[in-house]
Amino acid sequence: MNRKIHNFMTRICAAALLSGLLAGVPAVGQSVAAGEEYTPENPRTGEVVKWDCVYFGSYPQKEITKDQDEKLYTQLDTVKGWIQDECTLQGIRYRRIRSEDATSNAGAYVWGAGSSYHYFAYAPIKWRVLQSDDSELFLVADSALDVQKYHQTARRVSWGTSTLRSWLNGYKGTENEAEADYEGKGFFNTAFSEEDQKKMVRKSVSNPASSVYGTSAADETSDYVFILSEEELKKGGFGFSDDESRKAQGTVFAQAMGAGQQQASYWSRTQGKTELSALFVTEEGGLYSKGYTVASRTNAVRPAIVLDCSKAKQTAYAGTVGSDGSVEETAPPVAGETTQEETTQEQTTQEQADTESQIEEATTEPATELTSATEQEGGTGSQTQTTTEQAATSEPGGTANPGVEQPATSEPGGTV
């Protein structure tokens, strides 16, 4: 047997043995001992609300700039192999966008001249625990993660027929009025691996009428990912006792997509004054019941999900956040890191592939460090942006201003 192949086979056997010995190694970022069940607590209410937080899934958040890390920026700017504007480099996923990819350019984010790409690293998503029991965890994102229209065009829609619901869940075009197809490329597919998805609960989501305007209630939907309703955003048991408790910052990626630089306004799934508008939370944390036109480009998205506790016993604890802005954070899992067990398995798989390749060929090309995001994440794609359809009304410059109502007085083929 060729000496090089013999050495590979020896290493494979040793790795297989080591893999068996390392079974049960705690996950990276895990705050409890392996096998120990941990359920975060419900919000602690009072003068200051305290939420427990967990990490789950990942999404583009932090920007990689030339000033911050010139070497990495140059790699991202010159490497080949971007697929749907995503790639994985040395175990970390990245997304690149240009100014024309943003939902809105009216915010304070500085794009600079030209149409060059800006690069963002995926990071674990931090979620606030709104409700915890023995079976489920009800979570809302700690930060606004993206900016999307509630619906692609200004027309009468409900949560169930909106493009935002379809984008969040990766639904086919048959699920929304615009027939926009997000199958395999929505937030659900981008933010959560196949293993993550198995831990999530598809919930029946109620859609009550506006408490102020009585806008007609919509049918219940069944979703893995949704946004909070007016009723939920007022619920003291979830920690939403006042405006301060509803405030949310946007990630740098969300700011690049059009969110406010300090605080972000974000959609609710409750309709506004008419079915052409949707209620949203202002940058100050207030509930703007009249809403903006559903085609508004300035509101961010703060997703909510439910986890099955029996399948997510070892969710990485993220510390606490307070309604007064206080943060006691446990460091997130480090992107690109793996446990010893995972590393061993990856090495074993790679070595087996190398061995087979050497047996078949005299020489083997070295494996590139860059792989597509779809290969690393089981075929998940990036989000799609639709910017060709325009809102029926103008919007304020980049912020949700409750003093300037966005009238929704007409729609194609009818009147309010």
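In this predicted model, one aromatic cluster is formed by Phe 56, Tyr 59, Phe 120, Tyr 122, Trp 127, Trp 167, Phe 187, Phe 188, Phe 192, Tyr 224 and Phe 253. Across the whole structure, a search finds 22 aromatic pairs. Among them is the pair of Trp 167 and Phe 187, with ring centres 5.9 Å apart and an angle of 45 degrees between the planes. That angle makes the pair tilted, because stacked planes would be under 30 degrees apart and edge-to-face planes over 60. Trp 167 belongs to helix H3 (residues 163–169) and Phe 187 to helix H4 (residues 187–191), so their pairing ties together parts that lie 20 residues apart in sequence. Trp 167 and Phe 187 are both buried.

Over the face of Tyr 59 lies Arg 95, 5.4 Å from the ring centre. Tyr 122 takes part in a polar contact, in which its side chain meets the side chain of Glu 86 at 2.3 Å. Glu 86 is part of strand S2, which covers residues 86–89. Is this glutamate, Glu 86, buried or exposed? Its relative accessibility is 1%, and Glu 86 therefore counts as buried, the cut-off for that word being under 20%.

A further arginine is placed over a tyrosine ring: the charged end of Arg 96 sits over Tyr 117, at 4.1 Å from the centre of the ring.

Technical notes. Residues are numbered from 1 along each chain as its sequence is written. This is a predicted model: local features need pLDDT of at least 70, side-chain atom pairs count only at pLDDT 80 or more; totals for chains, interfaces and linings use all residues. Side-chain values use heavy atoms; hydrogens and water are left out. Rings of Phe, Tyr and Trp (its six-membered ring) pair if their centres lie within 6.5 Å; planes under 30 degrees apart count as stacked, over 60 as edge-to-face and the rest as tilted. Helices (H or I, at least four residues) and strands (E, at least two) are DSSP runs, numbered from the N terminus. Buried means under 20% relative accessible area, exposed over 50%, partly exposed in between (1.4 Å probe, protein chains only). A charge sits over a ring if NZ of Lys or CZ of Arg is within 6 Å of the ring centre and within 35 degrees of the ring normal. A polar contact is a pair of N or O atoms within 3.5 Å; within protein, one must be able to donate a hydrogen and the other to accept it, and residues adjacent in sequence count only if both atoms are side-chain atoms.
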